[in-house]
Amino acid sequence: MKPDAAVAKYLAELAEQRRLSPHTVSNYRRDLCKLIEIAGETPLTQIHVHQIRRFVAQLHGKGLSGRSLARTLSAWRGFFAWLGEHDALPANPCEGVRSPKSPRLLPKALAVDEAARLLEPVEEDDPVLAARDTAMFELFYSSGLRLAELAALDCDALDSALHENEVRVLGKRSKARLVPVGAKAREALAAWAALRDGLAHVDEVALFVSRRGGRLSHRMIQERLAKRAVQLGLPRHVHPHMLRHSFASHVLQSSGDLRAVQEMLGHASIASTQ
């Protein structure tokens, strides 16, 4: 089987078995394409452990961090294991190969007063878009959502948010969880709900929609948040994951309950939360 065809078949099976998101599949594909590119004319079934170590050293020399290399090696290891089940592969050449260590950096979070400033009203030419953005950012901060989780919300989330003070989201690997929705976020969602139908297509089910009436893209959400931070004079680039980390940090500061924060964030491992 040709390398490109093998990668395509492997990813199709992996996505189906593990219910991976398109974003995760794209990351796997990028890492496996690196393998094919760096292997050159060498058949994948003839790659040995010393070559994998050389490949890792080459990528590290090009500036890839230890964390990125660990993810890349994990993708390669899984692919070679799959090849071993489908082809004459004597051994997995990635076994025993470790990536260079990178310093563990704490995620960046906003201070409490910075988060409060970010959620203040802003001057906006279009009050409908302003209401939508406020609802999105309040929900990010109130519930600690990932970008993909917020973008995927449909209108049926409004009932539970406004009446039960919680929202059900699908996290990584389609794992469902309930997250709390605070009073400020509920107020902003109610204001957006009153305006949404005037912007959305008739058959659009997405909770947050663009000026054109369709589901709001990840990129647009990121751009709107970054723009708002600039408008309000925040001294740094603000992105959705920063609001998620801010939510976690501020809840932990006030409660000290790491397990509860882990549950709300949807982390499989307590180490991720720590």
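Helix α10 (218–231) has 14 residues and reaches 20 Å from its first C-alpha to its last, close to the 20 Å expected at 1.5 Å a residue. The expected span of a helix is 1.5 Å times one less than its number of residues. Helices (H or I, at least four residues) and strands (E, at least two) are DSSP runs, numbered from the N terminus. The model is predicted: local features need pLDDT of at least 70, side-chain atom pairs count only at pLDDT 80 or more, and totals for chains, interfaces and linings use all residues. Residues are numbered from 1 along each chain as its sequence is written, and side-chain values use heavy atoms, with hydrogens and water left out.

The buried residues of α10 are Ile 221, Arg 224, Leu 225, Ala 226, Arg 228 and Ala 229. Buried means under 20% relative accessible area, exposed over 50%, and partly exposed in between (1.4 Å probe, protein chains only). Arg 228 counts as buried because its relative accessibility is 4%. Not counting residues up to four places away in sequence, Arg 228 touches Leu 118, Leu 119, Glu 120, Pro 121, Val 122, Ala 130, Asp 133, Thr 134 and Phe 137; contact means heavy atoms within 4.5 Å. Arg 228 and Leu 118 are 110 residues apart along the chain, and their C-alpha atoms are separated by 7.2 Å. After α10 comes Gly 233, with a positive phi near 75°.

A positive phi also occurs at Asn 165, about 60°, although this residue is not a glycine. Most residues other than glycine have a negative phi. Asn 165 lies in the loop between α8 and β1 and counts as partly exposed because its relative accessibility is 35%.

The loop between α9 (183–196) and α10 contains Glu 204. This residue is buried yet has no salt bridge; Arg 215, the nearest side chain of opposite charge, is 4.4 Å away. For such charges, Lys and Arg count as positive and Asp and Glu as negative, while His and the chain ends are not counted. A salt bridge is a side-chain nitrogen of Lys or Arg within 4 Å of a carboxyl oxygen of Asp or Glu. A polar atom of the Glu 204 side chain lies 2.9 Å from the backbone nitrogen of Ala 206. Leaving aside neighbours within four places in sequence, Glu 204 is in contact with Arg 196, Val 209, Gly 213, Gly 214 and Arg 215.

By the salt-bridge rule, the count comes to nine.

| Pair | Closest N to O distance |
|---|---|
| Lys 34 and Asp 31 | 3.5 Å |

Asp 31, Lys 34 and Arg 71 are linked in a network of salt bridges. Lys 34 and Asp 31 both lie in helix α2 (residues 22–39), three residues apart, about one turn of the helix. An α-helix has 3.6 residues a turn, so residues three or four places apart point the same way. Asp 31 counts as buried because its relative accessibility is 1%. Arg 71 is partly exposed, at 35% relative accessibility.

Glu 149 is buried, with a relative accessible area of 4%, and Arg 177 is buried, with 11%.

The largest nonpolar core has 40 residues, and those with the most contacts inside it are Leu 189 and Phe 208. A nonpolar core is a set of buried Ala, Val, Leu, Ile, Met, Phe, Trp, Tyr and Cys residues joined through side-chain atoms within 4.5 Å. At least two residues of this core come from each of α5 (112–118), α6 (127–143), α7 (147–151), α8 (157–163), β1 (166–170), α9, α10 and α11 (240–255). The largest share, six residues, comes from α6. Leaving aside neighbours within four places in sequence, Leu 189 is in contact with Ala 135, Leu 139, Leu 158, Ala 161, Leu 162, Val 181, Leu 207 and Phe 208. Apart from this core lies another, of 29 residues, among them Leu 44, Ala 75, Trp 76 and Leu 83.

Definitions and conventions
A polar contact is a pair of N or O atoms within 3.5 Å; within protein, one must be able to donate a hydrogen and the other to accept it, and residues adjacent in sequence count only if both atoms are side-chain atoms.
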